[in-house]
Amino acid sequence: MSGKDALIVALPDGAGAEPLWMHVADGAVAQRGAGANWLAACGLAELPSGMAVMLVPPAPLVTLHWASHPDLAPRQGQAAARLEALAGGIAPADQLFAVADGNNDPARPHLVALAARSDVQHWLLWAQHHGLDPDLIVPAPLLLPEPEEGFARGIVGGAAVWRGRDVAFGEDMALPEIVGEARVRDVGPAQVETLAIAALERPPLNLRQGDFAKRARREWDRQALGRIALWSGLVLLASLLIAVIGVVKEYGAASRLDAESLALAREVVPGAADAAAAESEMDRQLAARGAGGYAFTAPVSALMSAMQDAPGVSITALSRDADGMIRATLAAAKADDINSVLLALQAAGFTITATPSQDPGGRTLADITVRS
């Protein structure tokens with residue numbers, strides 16, 4: 001991050017104070033100022049998408065703890081240090097937020113930053129209100145060098161901050177009983193700025209973790225999207241071509257079938273212009289001969305329909321003459337049942353004849369003819 005543009009904003013400690021900011025470009029401070037006018041001061045309409053943003057909260061709002069657990073694995077030691085910091089907080093643990101550093105050396109103490117959840121939420125809401133989505137939240141005392149002995153003292157975000165080897169606090173906590181006769185080394189503004197710029201690349205501790213971790217924005221690869229669109233278009237084009245080819249083949253097969261049917265029909269109807277005309281002429285000729293499809297199916301269908309209302313009547317024989325007349329033999333226990341079938345056929349418009357007889361078993365028989 002240090003090689004790119006970055007914005008470092010030190011949040012104010014108090015309602016009337018203004019934030020202090022630094023614009024970092026190519027690893028050096030390019031502009032600085034107070035308030036929220038960084039865009040105008042930097043000549044920007046909006047922050048570039050690749051610009052890193054680091055917030056530095058006031059020292060009194062973040063408590064730093066050091067805990068040693070040399071007998072535990074690094075991850076277990078970090079978890080134990082976090083639990084100790086939460087247990088030692090003034091507020092209930094569910095109202096606090098603790099973050100451990102990334103120390104993987106069990107011999108060195110684990111550093112834990114403890115803050116109220118409401119404060120962290122307030123910082124992020126303030127940043128959002130000012131168009132910022134911070135990548136880092138680094139406690140102010142960690143922008144001072146760790147002293148070999150005594151204390152390091154410097155100005156971070158316009159306020160004095162103290163840091164010892166295992167303690168850090170603001171100016172209001174620099175009491176004689178705490179500082180005593182320990183050596184105090186003042187850190188100049190240039191060194192504080194250097195450490196702040198270095199923290200962009202390797203932060204000593206970042207509060208944007210866990211519940212407050214920055215949500216990664218998915219950046220779409222335009223070339224990948226272009227390739228997806230191209231392949232999708234090719235697939236759709238191939239599907240369309242396959243469908244068109246299938247339709248053309250079916251149309252060709254249907255045309256060949258029509259041609260073959262017409263060729264066969266012209267053997268009977270030489271003057272037919274097309275398949276429809278040939279079919280119409282053949283139906284006319286069949287009807288004239290009484291052998292059309294309707295001449296057979298219509299009488300038989302009417303006979304079967306009439307028999308549905310006379311369940312005692314059965315057919316013992318059924319045939320068709322060359323002139324299309326239907327002949328059938330009906331059998332029933334009673335002549336009235338056969339008569340009801342004949343009356344139904346007459347009512348449907350068919351011409352019938354009937355010759356009654358009896359079979360050896362005593363059933364009534366009727367040899368009938370049915371013509372449309």
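**Note on the model: sheets, cores and selected contacts**

1. Glu193 lies in helix H5 (residues 189-201). Helices (H or I, at least four residues) and strands (E, at least two) are DSSP runs, numbered from the N terminus. The side chain of Glu193 makes a polar contact with the side chain of Arg32, at 2.4 Å. Such a contact is a pair of N or O atoms within 3.5 Å; within protein, one must be able to donate a hydrogen and the other to accept it, and residues adjacent in sequence count only if both atoms are side-chain atoms. Setting aside neighbours within four places in sequence, Glu193 is in contact with Met22, Val29 and Arg32. Contact means heavy atoms within 4.5 Å.

2. On provenance: this is a predicted model, in which local features need pLDDT of at least 70 and side-chain atom pairs count only at pLDDT 80 or more, while totals for chains, interfaces and linings use all residues. Residues are numbered from 1 along each chain as its sequence is written, and side-chain values use heavy atoms, with hydrogens and water left out.

3. Two strands pair if DSSP finds at least two bridges between them. Axes are lines fitted to C-alpha atoms, for helices over the stretch in contact, and angles run from 0 to 180 degrees between N-to-C directions.

4. E6 and strand E7 (residues 110-116) are antiparallel and share 5 bridges. Within that pairing, Ala100 stands opposite Val112 in E7.

5. The cut-offs: buried means under 20% relative accessible area, exposed over 50%, partly exposed in between (1.4 Å probe, protein chains only). The C-alpha atoms of Leu114 and Ala100 are 9.0 Å apart in space, at a sequence separation of 14 residues.

6. The largest nonpolar core has 51 residues. A nonpolar core is a set of buried Ala, Val, Leu, Ile, Met, Phe, Trp, Tyr and Cys residues joined through side-chain atoms within 4.5 Å. Those with the most contacts inside this core are Ile8, Val9, Met54, Val56, Trp123, Val156 and Leu207. Beyond its neighbours within four places in sequence, Leu207 is in contact with Val62, Phe97, Val99, Ala113, Trp123, Ile137, Pro139 and Phe212. Another core, of 21 residues, lies apart from it; among them are Val300, Ala332, Leu342 and Leu345.

7. Strand E9 (residues 151-156) has partners in two senses. It runs parallel to strand E12 (residues 184-186), with 3 bridges. With strand E10 (residues 159-163), E9 pairs in the antiparallel sense over 5 bridges. Ala152 has Arg185 as its bridge partner in E12 and Arg163 in E10. The hairpin of E9 and E10 has 2 residues between the strands, and Gly157 takes a positive phi near 65° there.

8. The whole structure holds 5 aromatic pairs. Rings of Phe, Tyr and Trp (its six-membered ring) pair if their centres lie within 6.5 Å; planes under 30 degrees apart count as stacked, over 60 as edge-to-face and the rest as tilted. Trp162 and Phe169 form a stacked pair, 6.0 Å centre to centre with 20° between the planes. Trp162 is buried at 5% relative accessible area, and Phe169 is buried at 7%. Ring pairs link Phe151, Trp162 and Phe169 into a cluster.

9. A second open sheet has 4 strands, in the order E13-E14-E16-E15, with antiparallel pairing. Strand E13 (314-320) and strand E15 (351-358) stand at the edges with a single partner strand each, so one side of each has no neighbour in the sheet. Neighbouring strands are turned by 15° against each other on average, direction ignored. Strand E14 (residues 326-332) and E16 are antiparallel and joined by 7 bridges; Ala331 has Leu365 as its bridge partner in E16. Helix H9 (residues 335-347) packs on this sheet and touches E14, E15 and E16, at about 5° to the direction of E16.

10. Thr369 is in strand E16 (residues 364-371). Thr369 counts as buried, at 11% relative accessibility. Its side chain is joined to that of Thr353 by a polar contact of 2.3 Å. Leaving out residues up to four places away in sequence, Thr369 touches Met325, Ile326, Arg327, Thr351, Ile352 and Thr353.
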